[in-house]
Amino acid sequence: MICTTEQIVNLDECPQKLRFSIDYEPVRVTLATALYKSLAEGLKSGLPAQAESKFMQLAAFPGLAVQGLNVYEIARHHSKLLEILTTYLLGGAKEKWHRPPTQRLAGDLLYRPQSYVETGKLRRVVLASSWSADRELEERNSWRSIGDIVAMERPMIVNVIVIGQLRNGFRNSFWTSALSHPQNRQIRFQGAALNATGKWNPIRRENSVLDTLEWLRLMQQDNCFESLVHSFEIPIPEDSERVHTQLQAMLREANALPTGNLYRRRSSCYRAFYPCQFANVCPKGFETPPETLFQLKK
Ligand code: SF4
């Protein structure tokens, strides 16, 4: 089997998680998965509108794993978030981003990196609800970074985009929310001007007619990116040969993974942005995930 970066991460987090994720898929897609899938569509096509429409497609089928009556509003909110993030990441040139080809690490051990490749380097985007030095350390040491770096023998640039905490299905940050002046309709985000000129009304990106590039320009004018965007480079590790050997061992383990109930690593069940998709059912113990939540992969 060809192992992806994500499968190696799953194995590292919990062998049971890898087993389930090979055999089953959720009936409805989680917001985090839909965000990354749609962002990839936008970046690989070089078209922000593609990210937006992919998210709406996933929201229609198989549907989002969110509760409530306002699922359409939640989907629209996130699709507009994706459109603006993709526009920002593509920059003015709007060049397509490319995935590296599948790598043969040794013998029949095949590995498919899921970062992006650009001249001499790899690139990865992390969508985070908040950012901290601890979280950076986690990303620097994750197999999502290190696996691709040693497989491709290239350093990696990580672009972190803070998209805010999820509250009632919405993520309020400067990407999605601004203040509008009641008289002249001027849009601002932060700064002294807001206090000096009366009461401003909150406005969501999805309800604004402002062009995406203009929204981004105004974010820049109000120094919004400082708190929302972080980038750092991860060099090829000095012991890359040893890490390469470890990666090969993990690929062998993934290829020979037994079926049925495996060792469960419970510390991985409830992570902040990426809780295990089986967390609602697995720790209670089950042989087969309930059909209302998961289906066998075809
Ligand atoms: S819920 Fe926890 S124990 Fe179960 S598969 Fe996920 S990470 Fe492993």
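Which helix gives the largest share of the shell around the ligand? In this predicted model, that helix is α2, residues 15-23, with 3 residues in the shell.

## Ligand shell

The ligand has 15 residues around it, and those that come nearest are Cys14, Arg264, Cys269, Cys276 and Cys282. Sorted by class, the shell holds 8 nonpolar, 5 charged and 2 polar residues.

## Helices α4 and α5

Two packed helices are described by the angle between their axes and the distance between the axes. For α4 (residues 48-63) and α5 (residues 71-90), the axes come within 7 Å and cross at roughly 155 degrees. Angles over 145 degrees count as roughly antiparallel, so α4 is roughly antiparallel to α5. The crossing of α4 past α5 is right-handed.

On the α4 side, the contact is made by Pro48, Ala49, Ala51, Glu52, Phe55, Met56 and Ala59. The residues they meet in α5 are Ala75, His78, Ser79, Lys80, Leu82, Glu83, Thr86, Thr87 and Leu90. By class, the contact of α4 with α5 has 9 nonpolar, 4 polar and 3 charged residues.

## A three-stranded sheet

Strands β11, β10 and β12 form an open sheet in the order β11-β10-β12, and the pairing is antiparallel. The edge strands, β11 (187-188) and β12 (201-204), each pair on one side only.

Strand β10 (residues 177-180) is joined to β12 by 4 bridges, and the two strands run antiparallel. Pro202 in β12 is the bridge partner of Leu179.

Notes
Residues are numbered from 1 along each chain as its sequence is written. This is a predicted model: local features need pLDDT of at least 70, side-chain atom pairs count only at pLDDT 80 or more; totals for chains, interfaces and linings use all residues. A residue is near a molecule or strand if its C-beta atom, placed from the backbone, lies within 6 Å of it. Ala, Val, Leu, Ile, Met, Phe, Trp, Tyr, Cys and Pro count as nonpolar, Asp, Glu, Lys and Arg as charged, and the others, Gly among them, as polar. Two strands pair if DSSP finds at least two bridges between them. Axes are lines fitted to C-alpha atoms, for helices over the stretch in contact, and angles run from 0 to 180 degrees between N-to-C directions. Angles under 35 degrees count as roughly parallel, over 145 as roughly antiparallel, 65 to 115 as roughly perpendicular and the rest as oblique. A crossing is left-handed if the near helix is turned anticlockwise from the far one by less than a right angle, and right-handed if clockwise. Two residues are in contact if their C-beta atoms, placed from the backbone, lie within 7 Å.
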